[in-house]
Amino acid sequence: MTEIEAIRERHSVRAYLDKKIDSETVEKLNALIGRCNEKGNLHLQLLEDAGNTFNRLMSKVMGLGSAPSVIACVGPDDRTVEERVGYYGEKVVLYAQQLGLNTCWAGTYSAKNVPAEIGQNERLVIVIAIGYGANQGRPHKSKTPQQVVAGSGEKPDWFNFGVEMALLAPTAINQQKFEISLKEDGTAAFADRRGPFSRVDLGIVRYHFDVGAAYARKQKE
Ligand SMILES: Cc1cc2nc3c(=O)[nH]c(=O)nc-3n(C[C@H](O)[C@H](O)[C@H](O)COP(=O)(O)O)c2cc1C
């Protein structure tokens, strides 16, 4: 499965099989998480035993309580940590999809029950439920490209495909509160229209866009 296929096939999954992630897969995930932590200056941690992360009533209602494992998205408490968590966390999410796993970003969880290492000057931004899904989820309702792209006029193929991939990205409560524009210097800019976890969303969206844009550019070579 390519990363583009993973983008198309990934949906949030909230019901999981009672099955641990096998050790070979755990190793692969940890290798990527290590690289992401280095590149993104983060402290993402795969916790094989999710413990009571999802024990709150709301999580039980949402179904995430069945997730066997969780990725604790920890990082230094700085201005851009949420966006970096979104960007690199989504890279891990798509890799998990390629490895046959399912995931769900979760802003609702019991922070005190997450058995993560949180150093001084670090904070837990969000978690990602992970495991083998009891189903594969389903496509979300989406805004149109016109609703998220600033300005009118023809755009290059790489930009349009980037936007198409960005619209498949998970966002908190499916809010899709982002705007993408093409700057005069030929690069893309991303703006946050403010909502719960919209900084994390923005990082996730930017990762999807980058994968799409790079793919479209390669097709042209
Ligand atoms: C930052 C963030 C926080 C989220 N928090 C929750 C949550 O607390 N509970 C939940 O069930 N889903 C949560 N989601 C999943 C979104 O509801 C989901 O991504 C959105 O509805 C789009 O659906 P999709 O992921 O299947 O494409 C969250 C997603 C993101 C990106």
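**A first look inside**

Helix α6 (residues 157–166) is largely enclosed by the rest of the structure, because seven of its 10 residues are buried. Keep in mind as you explore that this is a predicted model.

- The buried residues of α6 are W158, F159, F161, G162, V163, M165 and A166.
- Among the elements that cover these buried residues are α1 (3–9), α5 (145–148), β5 (178–182), β6 (188–192) and α7 (198–220).

**Strand β2 and its partners**

- Strand β2 (residues 69–76) has seven of its eight residues buried, so the rest of the structure largely encloses this strand too.
- With strand β1 (residues 45–47), β2 runs antiparallel, and three bridges join the two.
- Across this pairing, L46 faces I71 in β2.
- Strand β4 (residues 122–131) also pairs with β2 in the antiparallel sense, over eight bridges.
- Here G75 sits opposite R123 in β4.

**The largest nonpolar core**

- This core has 59 residues, and C73, V127 and I128 touch the most other members.
- Two or more residues each come from α2 (23–40), β2, α4 (81–98), β3 (102–106), β4, α6, β5 and α7.
- The core lies between domain 1 (3–131) and domain 2 (145–220), because both give residues to it.
- Beyond its neighbours within four places in sequence, C73 is in contact with L44, V85, G89, L124, V125, I126, V127 and I128.

Definitions and conventions
Residues are numbered from 1 along each chain as its sequence is written. This is a predicted model: local features need pLDDT of at least 70, side-chain atom pairs count only at pLDDT 80 or more; totals for chains, interfaces and linings use all residues. A residue is buried if 20 or more other C-beta atoms lie within 10 Å of its own, exposed if 12 or fewer, and partly exposed in between; C-beta atoms are placed from the backbone. Helices (H or I, at least four residues) and strands (E, at least two) are DSSP runs, numbered from the N terminus. Two strands pair if DSSP finds at least two bridges between them. Two residues are in contact if their C-beta atoms, placed from the backbone, lie within 7 Å. A nonpolar core is a set of buried Ala, Val, Leu, Ile, Met, Phe, Trp, Tyr and Cys residues joined through C-beta atoms within 7 Å. Domain bounds come from an automatic or database domain assignment.
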